[in-house]
Amino acid sequence: MTEYEEASSRPATLELWLPRNTTSPGHVTRLLHLMVPFLLVADHTALATPCQFESQGEGRIAAIVDARSVRLDDGREIRLAGIEPTATTKQALTSLLAGRDVTLRSADDTPDRYGRQGAFIFVSESDTSVQATLLSQGEAIASAEIADKDCAATLMALEAQARRQKMGNWADPSAIKNAESPDDILAGIGRFMVVEGKVLSVRQAGAMTYLNFGRNWTRGFAVTISKRALPAFESAGVSPKSLENRRIRVRGWIEGTTGPRIDVRLLGQVELLGANEPTGVRP
């Protein structure tokens, strides 16, 4: 797949996650569900049998196409839903899936513009999706694309657990980018990244809201929120202005020319961090 094709296949649906710290260090927190799917806290009990959507058929893995797609023996190409790959995802996929019989599950089997069917993949009779396994091993990043609250919460919790344990990709200190180093982020233009930092200002310019992480608005890292995305924030009771002077973790595709940008189209790309929370450690 070309970089353009990968960028064009970006997910169209995301949700917002706001984690809340517990008062007891090391405490395993409970997963809560509100009117909107905020990830307040993560818990092992929330990880049981996630993403059990309607079966979309079965097949045998004939080839690992790339870090995000596989081909079945009947010719169908399957795009793994709910994750974005890391440098080691393809190798992990090969180990997990090569030659295996699988079941596909998803809420919709409509192919994307490239003819790929998005789905969660389950090996044989397993109740754990391949995506969940990859996330728990730190071999993938949660994309925040899944609309189902329980499934999305579980994927985010699995990633958070792997981050805490510095598993796989998260053993690399540079896996989460620092918003104060915009050149490092800009070097990854066209890639899906996770960035942490403090929102220094929130500004409105036309139909776009900017969360600025640097004093130099043209060169510093920023998050953009279009006018059409604002109702999702408002319905969740979250004003972009309320994020000013708050530390957040944001995930998405890096865009920009002079300064790096992530476009937040729906809420799940954003996590609110505690004021004293160590970078990249807690959910």
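Strand 1 (residues 55–64) and strand 5 (residues 101–105) run side by side in the antiparallel sense, joined over 4 bridges, and in this pairing Arg-60 stands opposite Asp-101 of strand 5. The structure is a predicted model, and its chain of 283 residues, of which 52% are buried, contains 6 helices and 15 strands. Among the contacts between residues at least 6 apart in sequence, 64% join residues that are at least 24 apart.

- Thr-103 is a residue of strand 5, and Thr-103 counts as buried because its relative accessible area is 11%, which is under the 20% limit.
- When neighbours within four places in sequence are left aside, Thr-103 is in contact with Ser-55, Gly-57, Glu-58, Phe-120, Ile-121, Phe-122 and Ser-124.
- Thr-103 and Ser-124 are 21 residues apart in sequence, while their C-alpha atoms are 6.7 Å apart in space.

**Two nonpolar cores**

- In soluble globular proteins, nonpolar side chains tend to be buried together.
- The largest nonpolar core here has 32 residues, and the members with the most contacts inside this core are Leu-97, Phe-120 and Ile-121.
- Ile-121, leaving aside its neighbours within four places in sequence, has contacts that include Val-70, Ile-78, Leu-80, Leu-97, Val-102, Thr-103 and Leu-104, and also Ser-129, Val-130 and Gln-131.

**Aromatic rings and charges**

- The model has 3 aromatic pairs, and one of them joins Phe-53 and Phe-120, whose ring centres are 5.8 Å apart and whose planes meet at 40°, so this pair is classed as tilted.
- This pair links distant parts of the chain, since Phe-53 is in the loop between helix 1 (3–8) and strand 1, whereas Phe-120 is in strand 6, 67 residues apart.
- Both Phe-53 and Phe-120 are buried.
- The rings of Phe-213 and Phe-221 have centres 5.0 Å apart and planes at 50°, so they too make a tilted pair.
- Phe-213 counts as buried at 4% relative accessibility, and Phe-221 counts as buried at 1%.
- Charged side chains also meet rings: the charged end of Arg-105 sits over the ring of Phe-122, 5.9 Å from its centre, and Arg-163 lies over the face of Trp-170, at 5.9 Å from the ring centre.

**Strand 13 and its partners**

- In strand 13 (247–255), 8 of the 9 residues are buried, so the strand is largely enclosed by the rest of the structure.
- Strand 9 (residues 192–198) pairs with strand 13 in the antiparallel sense over 7 bridges, and here Gly-197 stands opposite Ile-248 of strand 13.
- Strand 15 (residues 270–272) is also an antiparallel partner of strand 13, over 3 bridges, with Val-270 in strand 15 as the bridge partner of Val-250.
- Strand 14 (residues 261–263) pairs with strand 13 in the antiparallel sense over 2 bridges, and Ile-262 in strand 14 is the bridge partner of Ile-254.
- Strands 13 and 14 form a hairpin with 5 residues between them, and in the turn Gly-256 has a positive phi of about 120°.

- Most residues other than glycine have a negative phi.
- Ala-144, which is not a glycine, has a positive phi near 65°; Ala-144 is placed in the loop between strand 7 (140–142) and helix 4 (149–164), and at 8% relative accessibility Ala-144 counts as buried.
- Asn-245 likewise has a positive phi, of about 70°, although it is not a glycine; Asn-245 is found in the loop between helix 6 (230–235) and strand 13, and with a relative accessible area of 49% Asn-245 is partly exposed.

Methods: Residues are numbered from 1 along each chain as its sequence is written. This is a predicted model: local features need pLDDT of at least 70, side-chain atom pairs count only at pLDDT 80 or more; totals for chains, interfaces and linings use all residues. Side-chain values use heavy atoms; hydrogens and water are left out. Two strands pair if DSSP finds at least two bridges between them. Rings of Phe, Tyr and Trp (its six-membered ring) pair if their centres lie within 6.5 Å; planes under 30 degrees apart count as stacked, over 60 as edge-to-face and the rest as tilted. Buried means under 20% relative accessible area, exposed over 50%, partly exposed in between (1.4 Å probe, protein chains only). A charge sits over a ring if NZ of Lys or CZ of Arg is within 6 Å of the ring centre and within 35 degrees of the ring normal. A nonpolar core is a set of buried Ala, Val, Leu, Ile, Met, Phe, Trp, Tyr and Cys residues joined through side-chain atoms within 4.5 Å. Contact means heavy atoms within 4.5 Å.
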